[in-house]
Amino acid sequence: MKILVVNCGSSSLKYQLFDMLTEEVLAKGLVERIGIEGSVLTHKPTGKEKKIVQQTMQSHKDAIKMVLQMLVDPQYGVLSSMKEIDAVGHRVLHGGSKYAESVIIDEKVLDAIEEFVPLGPLHNPANLIGINACAEALPGVPMVAVFDTAFHQTMPKKAYIYAIPYKYYENNHIRKYGFHGTSHKFVSQRAAKLLGSENTKLITCHLGNGSSVAAVKNGKCMDTSMGLTPLDGLIMGTRSGTIDPAVIKVLADEEHMTINEIDNMLNKQSGVLGISGISSDFRDLEQASEEGNERARLALDAFDYKVVCTIGAYAAALNGVDAIVFTAGVGENSPEAREAILTKLTYLGVELDKEANKKRGEEIMISTPDSKVKVFVIPTNEELMIAMDTMNLTKELI
């Protein structure tokens, strides 16, 4: 069974083609600058030479057509015909509270994705465009929506409700939803296998340019750090994370900023970039810190501190923890960040294996054998998770 996984951004499209008999990636790629001058497709077939195509792509429809052409290209393709594509899995940002799991796409699902555009104004419209483009290019091929919010919909109401007048929850769907759900689901399932039990209390840390932490009990999310939008929670690359809401009024009054200007600042000019004034890339900050830059060091310290505090809060929420999991760009590849966080968690019984912690980008236990709480680095694989959900939902239809 061959499944195409598609992730559409506002001007980009990522894709991977899986052979689900072996879970092997047959090809993957990225289309950038869709609808912008200088469109480019980077196509990487497994076992073959990479191909870069620079060609104007005015829409996601054009991009999908180009991707499909590359997949069956005589020299760079991996399929003899598009008929070999059995199903398509789409990453969709926001499913609101309607979807706690992935679903086969029909008109009802399309309407729901449209309904939640106000909660995901950059991503949901692009997701819809990608779905419609694939439906036109691959008529009759079943498609599945895998919602970034779905895994977190098991949160109890006390965890997701906001303490504002209840009518805004009822009328405007304002509540915590959480994101990075596909990643948290993947690594929590893998951690349960490593522990040899599904009855586990886990804290999963997806740390990167976008960062979130989740409390997972027996495979279900009990709480997560992102909120109505991905702006809430931890300090991130360019996002502020949690701040006093009154900051918005102060900036509006004293700096005469509009709501849109403040929103843009909090999402794109804040986080470790805002504190350091240097970069949103943690590698740049680590280098600058080593060279003595105090604001770079402050940004990293503030980020680590928020992660430590959130892990502590979720250990309390779960009334204990069996394992902590690190994943995503920083979580998988920064021994420095992991050590800075874990050395503040000795009260939980965490004992770090500093030699194991030197590894980057591979699955490994980085706690000592005697550590009361196990600590794992587990590289996330959201695309495979999407492909697995798509296969499970569509295998009876093919």
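**Close-up views of a predicted model**

**View 1. Strand E12 (residues 323-327) runs parallel to strand E14 (residues 374-377), with four bridges holding the pair together.** Strands here are DSSP runs of E with at least two residues, helices are runs of H or I with at least four, and both are numbered from the N terminus; two strands pair if DSSP finds at least two bridges between them. Look for Phe326, whose bridge partner in E14 is Val377. Strand E13 (residues 364-365) also pairs with E14, this time antiparallel and over two bridges. Val377 turns up again here, standing opposite Ile364.

As this is a predicted model, local features need pLDDT of at least 70 and side-chain atom pairs count only at pLDDT 80 or more, while totals for chains, interfaces and linings use all residues. Residues are numbered from 1 along each chain as its sequence is written, and side-chain values use heavy atoms, with hydrogens and water left out.

**View 2. Eight strands make an open sheet with mixed pairing, in the order E5-E4-E3-E2-E1-E6-E8-E7.** At the edges sit strand E5 (51-54) and strand E7 (103-104), each pairing on one side only. Within the sheet, strand E2 (residues 13-19) and strand E3 (residues 24-32) are antiparallel neighbours joined by seven bridges; Leu17, for instance, has Ala27 in E3 as its bridge partner. Helix H1 (residues 60-71) packs on this sheet and touches strand E1 (2-8), E2, E3, strand E4 (40-45), E5 and strand E6 (85-92), its direction making about 35° with that of E2. Helix H14 (residues 382-394) packs on the sheet too, touching E1, E2, E6, E7 and strand E8 (143-147), at about 125° to the direction of E6. Contact means heavy atoms within 4.5 Å; axes are lines fitted to C-alpha atoms, for helices over the stretch in contact, and angles run from 0 to 180 degrees between N-to-C directions.

**View 3. Tyr160, Tyr166 and Tyr169 gather into one aromatic cluster.** The structure has four aromatic pairs. One of them, Tyr160 with Tyr169, is tilted, at 6.2 Å centre to centre and 40° between the planes. (Rings of Phe, Tyr and Trp, the last by its six-membered ring, pair if their centres lie within 6.5 Å; planes under 30 degrees apart are stacked, over 60 edge-to-face, and the rest tilted.) Arg175 lies over the face of Tyr160, 3.6 Å from the ring centre; for this, NZ of Lys or CZ of Arg must be within 6 Å of the ring centre and within 35 degrees of the ring normal. Tyr160 is buried, at 11% relative accessible area (buried is under 20%, exposed over 50%, partly exposed in between, with a 1.4 Å probe and protein chains only).

**View 4. Strands E10 (residues 212-217) and E11 (residues 220-224) run antiparallel, joined by four bridges.** Ala214 has Thr224 in E11 as its bridge partner. Two residues lie between the strands of this hairpin, where Asn218 takes a positive phi near 55°.

View 5. Most residues other than glycine have a negative phi. His180 is buried, with a relative accessible area of 12%, whereas Asn319 is exposed at 65%.
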